Amino acid sequence: MNRSEPPLLSVRNMITSFHTHDGIVNAVNGIDFDIFPGETLGLVGESGCGKSVTAMSVLRLLNPSSATTLGEVIFKGENLLDMTPEKMRLIRGSEISMIFQEPMTSLNPILTVGEQIAESLRLHEKLDQEKAWEKAVQMLKLVQIPSPEIRAGQYPHKLSGGMRQRAMIAMALCCSPCLVFADEPTTALDVTIQAQIIRLLDHLKKGSNMSVVLITHDLGVIARMAARVVVMYAGKVVEEAPVVPLFHDPRHPYTRGLLNSIPVLKNDGQTRLTEIPGIVPNLLHMPEGCSFHPRCSRVMDICTKKSPPMVHFMENRRAACWLVSDE
Amino acid sequence: MTDRKNVDTDQNSGDNTVSGSRGWAKLKRNRAALAGGILLLIYLLCALGAPVLFRGDPSAPDLMNSLSPPSGAYFLGTDELGRSILGRILYGARVSLLIAVGVVGVGLVIGVPVGLVSGYYGGKTDFIIQRFTDMMLAFPGFLLALALVAILGVGLKNTVISIGISMIPLYIRLVRGCVLTVKEEVYVEAARACGTRDLNIIRHHILPNVLAPIIIQTSLGMGTAILFAAGLGFLGIGVQPPTPEWGSMLGSARAYMMGKPHVATFPGIAIFLAVLSFNLLGDGLRDAFDPRSRI
């Protein structure tokens, strides 16, 4: 990562709202973050906090008839949100791509794995059928799929979950994008395969100057891969910090709660896992003040009335909590 | 490591082919569908082999032998003009096959692309197309075909066009409904995330995945087309004589129904069996391949 360079992607005050029957829901409610070239940024939070919607909004994959995104998403000096659909389409896959959560459903069952990777190559790199196929096989080899020549000609159902996720990664990386959103790339896999996929992603990243936004709720994966972490809650950024300080000294009670709920092997086996009480608030009926206050263990008077401002502290940390503001 | 993965793979080699071959196995076990298939085969043989199976002109009158009952010379007897009913049924099979293929062709060529666009793009496009479809569906299919014939005029071509148009809304609805489910699949989103063009997504990712219901509808639609064409022929506004057409044969045999029942019976049986074959096969295909009917 190189902090002296300008950020590759800057998200500024991005708001994504969905039009539902019950009203407008802000799934992402004014978030800011930067990604620098070659960096791995972790985006953490509970289900429903807006992590995936953030990625989809940046790539403009949400259906415009049901969702609108406001704010700025500056990628290489241009606002992605202002681009023509055609220009945006050319950026998808070639410059920014995405790895999806569900390896079982993210490959088309009726096209061979090779065809699906080659499709993207033909589109962006203008390769002919044969060259695209060769490169697809190479990509499968790169993601360490054994006998890639045979696998390329097979349909997705012949591949195991782990292999499908590798193929999905090959598809996302085939045009050497400079930014990849990995949306829970390991969630649907079993633990041993998870470790392999993380190792693979790490390995692939080291070989290039690619930036990765790793979306997950698995803090173990974050600790392993990310350099910097953005914690989201109810559509907002609540804390951001480099990975080590975040784990050692979390400032926002929500981050603390997340870290406390990691299971630790203890001798007695009797200790109950600490959970954060309650659930993510309904986005239609957000609590007044800080959106986390109904679940917060250190709630104060002011939390119920006023939403806390984002406070920058130390060199590269920030948090939105009255506790931090008081310090 | 590699070995383990292979084991893993074998266990997982799953859903799709299994369901595909399971579908075929299910279809073969389904006796009704099998009967439908055999009937269809016979029908196709009759239609395609009519000149071989019946030598002579099916429209040549032989007034000396009019309305004769089945005999050695005329296997199924003759009609009021002394034409061989067997010959007219065999040649009528060609006409009805032509109509069935033509009608379904019109339905497919217009209905499928419109349904794909309507389902994929949604929004205003979808709204307009669907209201138009609603309008067409408000008429019972046969009535719509009848009204169209009244506008276009009689004859083989107009029969095909009018019945074909009356089938378009069915295809639009069917395809749109299927597209709505398929387009939410992650692989469609993944294709979009790779920057694939809409047209390619529709062609490569969506159309092949909605093909099964389209094929089923095609089989059922052919049966309906034959029935509708016979209906129009019976009313005298379909295919015009002397072209041998089952419906018009039935229509002209109406007058002799009491005295010479064979004249109406055999074309009736032909219509019945042809429609039955398509319906049995279509139902069988649906039971075997339509995911919605799989429990």
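Q: How many residues does the contact take from chain A and from chain B?
A: This is a predicted model, where local features need pLDDT of at least 70, side-chain atom pairs count only at pLDDT 80 or more, and totals for chains, interfaces and linings use all residues. Residues are numbered from 1 along each chain as its sequence is written, chains are lettered from A in the order in which they are written, and side-chain values use heavy atoms, leaving out hydrogens and water. With contact meaning heavy atoms within 4.5 Å, the count is 34 residues from chain A and 27 residues from chain B.

Q: Which three residues supply 19% of the area that chain A buries against chain B?
A: Buried area is the accessible area (1.4 Å probe) that two parts lose on being put together, summed over both. Chains A and B bury about 2,800 Å² between them, 57% of it on carbon and sulfur atoms. Supplying more of chain A's part than any other three residues are A:Ile110, A:Glu119 and A:His157.

Q: Is A:Thr16 buried or exposed?
A: A:Thr16 has a relative accessible area of 0%. Buried means under 20%, exposed over 50%, and partly exposed in between (1.4 Å probe, protein chains only), so A:Thr16 is buried.

Q: Which residue's side chain makes a polar contact of 2.8 Å with the side chain of A:Thr16?
A: A polar contact is a pair of N or O atoms within 3.5 Å; within protein, one must be able to donate a hydrogen and the other to accept it, and residues adjacent in sequence count only if both atoms are side-chain atoms. The A:Thr16 side chain has one of 3.4 Å with that of A:Thr69. The 2.8 Å one is with A:Ser57.
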